[in-house]
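Subject: Handover of a structure and the findings

Dear colleague,

Please find the structure below, followed by an account of what was found in it. Kindly keep it open while you read.

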Amino acid sequence: MAELGSKGVTAGKIASNVQKKLTRAQEKVLQKLGKADETKDEQFEQCVQNFNKQLSEGTRLQKDLRTYLASVKAMHEASKKLTECLQEVYEPDWPGRDDTNKIAENNDLLWTDFHQKLVDQALLTMDTYLGQFPDIKSRIAKRGRKLVDYDSARHHFEALQTAKKKDETKIAKAEEELVKAQKVFEEMNVDLQEELPSLWNSRVGFYVNTFQSIAGLEENFHKEMSKLNQNLHDVLLGLDKQYSGNAFPIKAQPRKKTKLFARLRKKMSSDSTPAKANKSPSPPPDGSPITSPETKTVNHELEPSTLEAPGASIPKSPSQPAEAAHAGAEAAGSEAAAGAEASKTEADSGSSSLPAVVVETFPATVNGTVEGGASSERADMPPGFLFKVQAMHDYTATDSDELQLKAGDVVLVIPFENPEEQDEGWLMGVKESDWIQHKELDQCRGVFPENFTERVQ
């Protein structure tokens, strides 16, 4: 019987709950259609909006804090692996081995302590703070349902009172239900009206405490870690002093292409020097001195229209003496004649002709300005000036077309005449001091490794 009674009570309760849900649904529909008024409380609705915002911000903060902790743990593992690597490569006979082992142990302890304190003083506090929101959220939802029950009971009571045929029994029962619904609603409403504003105001103190804790823990952690890093720096400095002769050198990127100026000089040399005979000439019977092929070929005359003398297009300075200009022209004519005779001799002997000479031309400059160049170029900079770099390390040139650099040297970077000649990681330029002194590119410019410099302008 007790079991049947229990089942009966349960079934009755279920039926009552179903009826309440139907009544609430009907009431909400009537309110949305405007056929029934709804009790409004704008102050409470503002409290609910603040609650939802506070919950959203707290949830995000909790998520980001967990991500931060995961990052700290990952950094701990990475730092541990790095110090383990240092311990493995640190040879037993090196000075400071015991110190490095102690530093590695303290490093691990610092990371572990930092992570644990973040959990205790930030994450657990965060979890406690957010733990109160689910219950309040549930009570807000229940308060909303009780408000609908109250409105429904009020509307039912009003309908019975305005009916043409009044039933006092039903009116009395409806009034009793209305009073009961109002009491339940008001009790929940009063509690939330007090609790929600208090919860909203508490967010300021919580955020202050949370971020102060994180900042304080980080400050102490980095102070202690800084000391360890300084100790490690000192240990490695001692190691460096003992083995200073084996310091790791900074190297330039290998040049894979043909050296620019070396190739040009080789071609210029083949152009100005006659071809040599396959065999050395025998001394004459009378003992007279051997005349060099260069001396013999210079005396041959060459029509001026046959070959233009190198350098003939370079303009003369107005202050240059006429004698110097005349001498330069004669020398240029002699070189041209020598080259022409060498070609003729090579053809007479049946040998293959000389390869075509590619002469790289540079814009002629007068007093630091480019002849016929763009007017926008700076007069105090070399033609095509791009930017300045400063040498951070010494660089010893390994080829005649490279610049020799000392730390602190400023280099004016200019473009390659032929972009295909540029190797990856190398730049063309002239040292600023050389350019200011000579204003010449032919003898001063060269290539240099970019990784030995940094851009300053």
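Is Phe221 buried or exposed? Phe221 counts as buried, because its relative accessibility is 5%. Here, buried means under 20% relative accessible area, exposed means over 50%, and partly exposed lies in between (1.4 Å probe, protein chains only).

This is a predicted model, in which local features need pLDDT of at least 70 and side-chain atom pairs count only at pLDDT 80 or more, while totals for chains, interfaces and linings use all residues. Residues are numbered from 1 along each chain as its sequence is written, and side-chain values use heavy atoms, with hydrogens and water left out.

Aromatic pairs

The whole structure contains 11 aromatic pairs. Rings of Phe, Tyr and Trp (its six-membered ring) pair if their centres lie within 6.5 Å; planes under 30 degrees apart count as stacked, over 60 as edge-to-face and the rest as tilted. Helices are DSSP runs (H or I, at least four residues), numbered from the N terminus. Phe114 also counts as buried, at 5% relative accessibility.

A second pair is made by Tyr129 and Phe206, which is stacked because the ring centres are 3.8 Å apart and the planes stand at 10°. Tyr129 lies in helix α3 and Phe206 in helix α5, so parts 77 residues apart in sequence are tied together. Both Tyr129 and Phe206 are buried. Ring pairs also link these two residues with Phe51, Phe133 and Tyr207 into a cluster.

Salt bridges

How many salt bridges does a search of the whole structure find? The search finds 10 salt bridges; a salt bridge is a side-chain nitrogen of Lys or Arg within 4 Å of a carboxyl oxygen of Asp or Glu.

One of them joins Arg66 to Asp127, with the closest N and O atoms 3.4 Å apart. Arg66 lies in helix α2 (residues 42-89) and Asp127 in helix α3, so the pair ties together parts that are 61 residues apart in sequence. Arg66 is partly exposed at 43% relative accessibility, and Asp127 is partly exposed at 26%.

Another salt bridge, between Lys117 and Asp113, has its closest N and O atoms 3.3 Å apart. Both residues lie in helix α3, 4 residues apart, which is about one turn of the helix.

Arg139 and Asp135 form a further salt bridge, the closest N and O atoms being 3.6 Å apart. These two residues are both in helix α4 (residues 133-162), again 4 residues apart, about one turn of the helix. Salt bridges with shared partners join Asp135, Arg139 and Glu195 into one network.

Helix α5

Glu186 is found in helix α5 (residues 168-242) and is partly exposed, at 39% relative accessibility. Asn209 lies in helix α5 as well; its relative accessible area is 47%, so Asn209 is partly exposed. The C-alpha atoms of Asn209 and Thr125 are 9.4 Å apart in space, although the two residues are 84 apart in sequence.

Yours sincerely,
A colleague
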